Each structure stands twice: as C-alpha cells, then as structure tokens.
Amino acid sequence: MPLEESGQDRARTLILPRRRSLLRAGLALPGLALLGCAGARAAEDPFSLGVASGEPGPDHVVLWTRLAPQPRNGGGMAPDPVPVDWVVARDPALRDVAQRGQATAVPEDAHSVHADIRGLEPDRPYWYRFTALGVASPVGRTRTAPRAGAMPASLRFAVASCQQYEHGYFGAYRHMVAEEPDVVVFLGDYIYEASWGRNLVRHHDSPTARDLEGYRDRYALYKSDPDLQAAHAAAPWLVTWDDHEVSNDYANDRGERERDEPFLARRAAAYKAFWEHMPLPESVRPRGASARIFRRADFGDLAAFHILDDRQYRDHQPCQRPDRGGATRVRAGECAERDDPARSLLGLEQERWLRDGLASSSARWNILAQQTRMARLGGGDPPVYWTDGWDGYPAARRRLMDALTETRARNPIVIGGDIHAHLVAELRPDFDRPETPPVAVEFTGTSITSQGGRYRETYPNEPHIAYANGDHRGYVTVALTPGAAQAELRAVASVADRNTGISTLRRYRVESGRSGLLPS
C-alpha cells in the first residue's frame, strides 16, 4: 500500500484495500523548515517506519511508532528527547476524539514510542495518529477486545511468521489487510539477522546483525516495507519471537557458535531492538538479556490466546555436534538425551504458568500461540527427528498434551510457524495410538516470504498429519464463532511480484466440543 504524497506540504494518506474510506484523512503539514532540536528536516519523514498497535484489551491498547528520518542510518535523530503527541478517535477523520496525550521519545530507546492508552470502550474500532517535530504520522486503525464475560458473535485473526526480506516482497500482507482481521498474531522471525537463500529478490543493506546498532538497522529495513506498514496500521498485533530475532537455532544461552557471556550480550541487544520496534507495553521491556514475553490476551469469553516463548528458557537441543550448538537430526533410539523426561522447551516456570492458565480459562476457544510445529513428524525407518522443535523435546510435548486433557481446557487450537510450510494436524498424547481421540488441533502457517521446499509428501507413519506442504508462501486466517472455528490456508502466487495474487489451498473446520478436524 503506497504512502501518497502531495507536493511540498507532505500531506499523507495510508491507502488500505477495502478500508480507503476508513483511513483516508488529509494531513496538511509544514514545509521544508528545520524541525526542532532533533535536527530532522521536513524532507526526511520522522514517521518513515509507520505506526502500529498491539496488546488489545477491553479498555486499552498500545500504540507504537519510532521517529527515524534516516531509518537505516541509526535513525537519523540527534541524542535528545522529543515530545510526541497522540490522538485516539472514534472515527477515521479523527473528529470524534476519545483521548489525547503526549509521550516522550528518548534516544536510549531509539526514539520509539509505546503509548499505553487506557480508559477506552470495549469491542470497538478506534483510529489514531502521532504528531512530532511538526509532522503528522499516517492514521492507523486499532480495535479493543470485548469485555470480560462477553460472548462476541465472532473473532477473525490472521497468523503470520517468517518474513525474510531478501526472499521476496511482503505482498501477502496486502491480502491479509483486505480480509479485515480483528487481530494479527505474529509467531516469530520478524527479521532475519543474517543473509541466506537462493535467487534473492532484494538484499539486506548491512552485514549480519550482532549488536544493538545492527539489530536496530535490520528492523528499520524490514519495517520500511509498505505492505508490512499497512498491516500494522490496519489492526492490532499480538507478537512473539523465534530464533532469527537473535540468531539461527539459538537455545537459551547458546547460539550455534556462541555460548554464555558473549552470546548473552548479543541476546540482550536483540531483545532490546525487538521491544523498541514492536507494539508492546513497558511490562515487556527487556532487562538485559531477559524479557518475559509469555502472556495472555483474552477476547471476552470467546477466545483466550496463550502467547508462548520457546527460545529463552529451553534446554539446549539434544545430541548437539561437538563443534557447534543448534539443531541436528537424530534417529529414533539413538539419542538418549532427547528422551530425558526432565527436558523442557518452555522451561518449567512457563509450563506451570500455561497449565494454570488453561485450568482457569473460561474461554470457548483456547489458542496456544507458539513458534513451531508441535505434531510429531519423522521420516524414514527408523524415523529421523529434527531437534529444534517439539520433536527434540517429546517429554515436554507429552506434558503439554496431558495438561490439555487434565485441565479440560475448552477447544484448544495450537498455532505455529517456523517451518516455512502449511501443516495441519490432530494432536494426541500418544501419536502411536491413532485410534485415540485428539486433544487439540494444530494449524501451522507457512512463511510470509522465507523459502521452504520440504513437506511435500504424505506421511503414512504419521496419520495425525492431515496436510503438509512447503511449496507456498502465505499465512493462515481463522474465523471463530461460539460454535466453530474455520481455518483457511492462504498462498500467494509469487513473492517476487509486489502485486501478487493469492489463493486458498485448504479449508478446515473445527466444531466446538469436538477436537477433530473436518474438511470444509
């Protein structure tokens, strides 16, 4: 979605498919004078990275922006605090104002703003805008959640992950915006710290990110994409991270080539840059190399999202090679460490938190928003398992399946990403007993752009896998009602085409009170 400009007055309007009338607002702005103490010029847009919202609650939402007139040159701001005004309104023209306020963008946080707006009305849309240095931002749209105890008629959410900038354009978001989701759930690999892949469509403009400056510039590059900006401006997001926000296949305090203190310094820089560029509240701000990002988001009594972190607290992947960390492939029965019942992917504290949340949930649908494929999937005889995901932690997966059964959490749905493939499955505590009823269903979404290619086969030894295909890029949409969940696996025609088309590969239905999949 282009950002239209009208002459030297810099009037700007964010154009979104099927929302043109909602987001069209003429914003007449000053000319070419120098703008305040930060030293930015009007010709250098301080809102070059767009606007975003997230963490919707019944009476609150977080509004985000970052002042960055030179986004891939450290931001281009002088080291001074800058006041940033915000307005929240009940209409797209911003005439029916609900609240106004001011935040301060400080250089220590890369001049990012995380305005935690309270006192809003539940279950309704709002529009918002920032103003700083004499310039107004695009207008964004957000939405609050239904109040506690309410049963809304529907909730539509989109699931996205894995957007390697070099592998293509983010045209999938243009179609996602047109589907008008109430919320977008992003499950990790928002950036890629390093270059990789084949037949690159565009290129990172800096080397592998290893320090705070490098991660900040990488986020700025990704957030410069107009389709990604439009998706952030169209709906609130719930976000978590995976490995590439730091480094490939990292686990706890260990990267593929780094361990302990050197790696934790890198992790601290990566976590800080992540928070600076996401619509997250102050409570998620990292403290050094630690940040509590697992949390819950409720949408009345219709849905509860249990947002997980499977990187920060996990045990290291089992049976690592002596010369490196990260994942490997192991044959069943040949890696005793993999079967150790004490091993955890989430960490024991997060496991207890999740179990307690499932036990106390009153939601009709419980959504486990986590990073990767949960269903067992091993090929060959004996089967070979990839150790970076849940197949590397089978005892932890069994504990989670048991928790779903014992807590009697209603209608659990697992959503995931990471594998660059669409995969649909029924989840059982014992995958070797396909005759037993599933305790949950799983929808793992393919990547926005990141290259795939695996998962093209049927899996006769894994009958719980209903569908798996890594040939397509795209996302998943899920429409919830009190009676059913309808999932669509969406696939773009080409990530090399900014104006790509899109199609639906498969549709699945899950009925409330029945944990199995129904084709739709």
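This is a dialogue about reading features in a predicted model.

Trainee: What should I know about the model before reading it?

Mentor: The model is predicted, so local features need pLDDT of at least 70 and side-chain atom pairs count only at pLDDT 80 or more, while totals for chains, interfaces and linings use all residues. Residues are numbered from 1 along each chain as its sequence is written, and side-chain values use heavy atoms, with hydrogens and water left out.

Trainee: Let's start inside. How many residues does the largest nonpolar core have, and which of them have the most contacts inside it?

Mentor: A nonpolar core is a set of buried Ala, Val, Leu, Ile, Met, Phe, Trp, Tyr and Cys residues joined through side-chain atoms within 4.5 Å. Buried means under 20% relative accessible area, exposed over 50%, and partly exposed in between, with a 1.4 Å probe and protein chains only. Here the largest core has 43 residues, and those with the most contacts inside it are Tyr-173, Tyr-190, Tyr-215, Trp-237 and Phe-274.

Trainee: Which helices and strands each supply at least two residues of this core?

Mentor: Helices (H or I, at least four residues) and strands (E, at least two) are DSSP runs, numbered from the N terminus. The suppliers are the strands β13 (155-160), β14 (183-186) and β15 (237-239), together with the helices α2 (172-178), α3 (212-223), α4 (226-234) and α5 (260-276). Of these, α5 gives the most, with 7 residues. There is also a second, separate core of 34 residues, which includes Leu-155, Phe-157, Ala-297 and Phe-305.

Trainee: Which residues does Tyr-190 touch?

Mentor: Contact means heavy atoms within 4.5 Å. Not counting residues up to four places away in sequence, Tyr-190 touches Gln-163, Tyr-219, Tyr-222, Lys-223, Leu-228, His-232, Trp-237, Glu-245 and Met-278.

Trainee: Now helix packing. At what angle do α6 and α7 pack?

Mentor: Axes are lines fitted to C-alpha atoms, for helices over the stretch in contact, and angles run from 0 to 180 degrees between N-to-C directions. Helix α6 (residues 348-360) and helix α7 (residues 394-407) pack at about 20 degrees, with their axes 9 Å apart. That angle makes α6 roughly parallel to α7; angles under 35 degrees count as roughly parallel, over 145 as roughly antiparallel, 65 to 115 as roughly perpendicular and the rest as oblique.

Trainee: Is the crossing of α6 and α7 left-handed or right-handed?

Mentor: A crossing is left-handed if the near helix is turned anticlockwise from the far one by less than a right angle, and right-handed if clockwise. For α6 and α7, the crossing is right-handed. On the α6 side, Leu-348, Glu-351, Leu-354, Arg-355, Leu-358 and Ala-359 meet Ala-396, Arg-399, Leu-400, Ala-403, Leu-404, Glu-406 and Thr-407 of α7. These contact residues divide into 8 nonpolar, 1 polar and 4 charged.

Trainee: How do α3 and α5 cross?

Mentor: Their axes come within 8 Å and cross at roughly 35 degrees, and the crossing is right-handed. Leu-212, Tyr-215, Arg-216 and Tyr-219 in α3 meet a set of α5 residues including Arg-266, Ala-269, Ala-273 and Phe-274.

Trainee: Where is Tyr-385, and is it buried or exposed?

Mentor: Tyr-385 is in strand β20 (residues 384-386). Its relative accessible area is 5%, so Tyr-385 is buried. The C-alpha atoms of Tyr-385 and Arg-329 are separated by 5.4 Å, although these residues are 56 apart along the chain. Tyr-385 touches Arg-329 and, among others, Thr-328, Val-330, Arg-376 and Asp-391.

How values were computed: Nonpolar A, V, L, I, M, F, W, Y, C, P; charged D, E, K, R; others polar.
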